[in-house]
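Got your viewer open and a selection tool ready? Let's walk through this one stop at a time.

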Amino acid sequence: QEVRGVVVNAVGANSPAARAGIRQGDVIVGFNGEAVTDGNTLRNRVASTPPNTQVNLTIMRDRREQQMQVTLGEYQRKE
């Protein structure tokens, strides 16, 4: 079974993701009930959602699906 989604490579200390309990190695497969198939999909969903909005992420951890609520921070573009 092929897993689609976005692997979390790193979680910044004290970031919104860290506060929500997201860990390195988690795979994000859903954003507010819509499938996340790749990094572009996730970036576009995040970029089109205002900061400080609470969103529901669906993640895969240890082959189990989990729901997490995350409050988005300001989008930081990597140069």
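Start by selecting Phe31 and showing whatever it touches. Leaving out residues up to four places away in sequence, Phe31 has contacts with Val36, Leu42, Arg45, Val46, Thr49, Val55, Asn56, Leu57 and Leu72. Keep in mind as you click around that this is a predicted model.

Now widen the view from Phe31 to the largest nonpolar core, a set of 13 residues. Select Ile22, Ile28, Phe31, Leu42, Val55 and Leu57: these have the most contacts inside that core. Color the strands next. At least two core residues come from each of β2, β4 and β5 (64-71), and β4 is the top contributor with three. As background, nonpolar side chains in soluble globular proteins tend to be buried together.

Next, the charged pairs. How many salt bridges does a search of the whole structure find? Two.

For one of them, select Asp26 and Arg61, whose side chains meet at 2.7 Å, N to O.

Then jump to Glu34 and Arg45, which form a salt bridge at 2.9 Å, N to O. Glu34 counts as partly exposed because its relative accessibility is 44%. Arg45 has 22% relative accessibility, so Arg45 is partly exposed too.

Definitions and conventions
Residues numbered from 1 in each chain as written. Predicted model: local features only at pLDDT ≥ 70, side-chain atom pairs only at ≥ 80, totals over all residues. Heavy atoms only, no water. Salt bridge = Lys/Arg side-chain N within 4 Å of Asp/Glu carboxyl O. Buried < 20%, exposed > 50% of the residue type's maximum accessible area, 1.4 Å probe, protein only. Core = buried A, V, L, I, M, F, W, Y, C linked by side-chain atoms within 4.5 Å. Helix = DSSP H or I, 4+ residues; strand = E, 2+ residues; numbered from the N terminus. Contact = heavy atoms within 4.5 Å.
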